[in-house]
Amino acid sequence: MSAEDLEKYETEMELKLYREYRDVVGLFKYVIETERRFYLTNDYEMQVHSVQGEVFFEVSMADAWVWDMYRPARFVKQVRVLTFKDVNIEELNKNDLELPSG
């Protein structure tokens, strides 16, 4: 496989992933972004832990969708993320997800 073939394959996979995201985003209430992954979920719990002066975050999600083009199945039943990096959680505004009419 040439570098050009690999680049074309990755581009096609990213487009397929974007289309899947666009199709499912309306099913979810929250977007959760970590340094490694991007998730859609309707239910989450976040805890902040401090151990010997180090702070880390634990985020648990149920019935989530994960943005990862290398996963064969992007819907996951349970997710638990531990990270020392920032976690961004946003509530989706359903009006922002609607396509304009006309």
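1. **Ground rules.** Because the model is predicted, local features need pLDDT of at least 70 and side-chain atom pairs count only at pLDDT 80 or more, while totals for chains, interfaces and linings use all residues. Residues are numbered from 1 along each chain as its sequence is written, and side-chain values use heavy atoms, with hydrogens and water left out.

2. **The largest pocket.** Its volume is about 150 Å³. A pocket here is an open set of points on a 1 Å grid over the protein atoms alone, where a 1.4 Å probe fits, with protein on both sides within 12 Å along at least five of seven lines; the volume is the space filled by probe spheres set on the points.

3. **Its lining.** Lining residues have an atom within 4 Å of a point; among them are Thr34, Tyr39, Arg71, Val81 and Thr83. Strand S5 (residues 75–83) gives the most, with five residues; strands (E, at least two residues) and helices (H or I, at least four) are DSSP runs, numbered from the N terminus. By class, the lining has six nonpolar, two polar and four charged residues.

4. **Thr34.** This lining residue sits in the loop between strand S1 (30–33) and strand S2 (38–41). Thr34 is buried, at a relative accessible area of 9% (buried is under 20%, exposed over 50%, partly exposed in between, with a 1.4 Å probe and protein chains only). Leaving aside residues up to four places away in sequence, Thr34 touches Tyr39, Val81 and Asp86, where contact means heavy atoms within 4.5 Å.

5. **Arg74 and Glu20.** The model has four salt bridges, each a side-chain nitrogen of Lys or Arg within 4 Å of a carboxyl oxygen of Asp or Glu. In one of them, the closest N and O atoms of Arg74 and Glu20 are 2.7 Å apart. This pair links distant parts of the chain, with Arg74 in the loop between strand S4 (54–66) and S5, and Glu20 in helix H1 (residues 3–24), 54 residues apart. Arg74 is buried, with a relative accessible area of 9%.

6. **Arg80 and Glu58.** Here the closest N and O atoms are 2.9 Å apart. Arg80 is exposed at 58% relative accessibility, whereas Glu58 is buried at 14%.

7. **Asp63 and Lys77.** Their salt bridge has an N to O distance of 3.7 Å. Asp63 is in strand S4 and Lys77 in strand S5, so the pair ties together parts 14 residues apart in sequence. Asp63 is partly exposed at 44%, and Lys77 is exposed at 60%.

Note on methods:
Ala, Val, Leu, Ile, Met, Phe, Trp, Tyr, Cys and Pro count as nonpolar, Asp, Glu, Lys and Arg as charged, and the others, Gly among them, as polar.
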